[in-house]
Amino acid sequence: MRVLVPGIAGRLGKMLAERLIDSGHDVIGIDRRPMRDKPAGVVVHEVDIRKRGAEEVFRHVRPNAVIHMATVTHLVVQTEDRYRINLGGTRAVFEHSSAYGVEHVVF
């Protein structure tokens with residue numbers, strides 16, 4: 001199964017990617033941040049989930065499943081920015097998933 005993980009560069013994203021790879025899945029990530037020490041076999045696209053580049057990843061990869069982890073949870077980011085990133089990013093994930101035939105989305 002091709003699994004796309006927006007927000008893969010965080011600690012939990014890396015752990016998830018390792019588990020998915022160990023289970024035999026192809027793992028593709030999207031994150032604005034570079035992924036340090038990415039597991040072997042993981043492909044990461046450094047793009048903002050709210051931008052056109054992320055839609056191009058969905059279009060090109062055509063994932064079977066998406067595990068959405070691209071949210072801002074820390075309180076350092078101002079409330080308005082957190083809201084725009086979390087709402088806009090989540091909306092983009094679901095819109096792209098619908099447009100490109102993703103079978104399963106986990107949020």
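Author: A contact is counted when heavy atoms lie within 4.5 Å. In this predicted model, among contacts between residues at least 6 apart in sequence, 57% join residues at least 24 apart.

The chain that is folded in this way has three helices and five strands, in the order β-α-β-β-α-β-α-β along the sequence. Its C-alpha atoms fill a box of roughly 40 × 30 × 20 Å along the principal axes. The radius of gyration is 13 Å, which agrees with the value near 13 Å that a compact globule of 107 residues would have. Of these 107 residues, 41% are buried, where buried means under 20% relative accessible area.

In soluble globular proteins, nonpolar side chains tend to be buried together. Here, the largest nonpolar core contains 13 residues, of which L4, I28, I30, I49, V57, F58 and V66 touch the most other members. At least two residues of this core come from β2 (26-30), and at least two from α2 (52-61). The largest share belongs to α2, with four residues. Apart from this core lies another one, of 12 residues, among them V5, A17, L20 and V44.

Leaving aside residues up to four places away in sequence, I49 touches P6, I30, A54, F58, A70, G89, A92, V93 and H96. Two of these partners, I30 and F58, are also listed among the core residues that touch the most other members.

The open space can now be set beside this packing. The largest pocket holds about 530 Å³ of space. It is lined by 22 residues, and R33, M69, A70, T71 and V72 are the closest to its centre. Helix α1 (residues 11-22) gives the largest share of the lining, three residues.

Most residues other than glycine have a negative phi. D37, in the loop between β2 and β3 (43-45), has a positive phi near 55 degrees. R62, in the loop between α2 and β4 (65-67), likewise has a positive phi, near 50 degrees. D37 counts as exposed because its relative accessibility is 64%, whereas R62, at 39%, counts as partly exposed.

Definitions and conventions:
Residues are numbered from 1 along each chain as its sequence is written. This is a predicted model: local features need pLDDT of at least 70, side-chain atom pairs count only at pLDDT 80 or more; totals for chains, interfaces and linings use all residues. Side-chain values use heavy atoms; hydrogens and water are left out. On a 1 Å grid over the protein atoms alone, a cavity is a set of points where a 1.4 Å probe fits but cannot get out, and a pocket is an open set with protein on both sides within 12 Å along at least five of seven lines; lining residues have an atom within 4 Å of a point. Grid points are joined across faces, edges and corners, and a volume is the space filled by probe spheres set on the points. A nonpolar core is a set of buried Ala, Val, Leu, Ile, Met, Phe, Trp, Tyr and Cys residues joined through side-chain atoms within 4.5 Å. Buried means under 20% relative accessible area, exposed over 50%, partly exposed in between (1.4 Å probe, protein chains only). The radius of gyration is taken over C-alpha atoms; the globule rule is 2.2 Å times the number of residues to the power 0.38.
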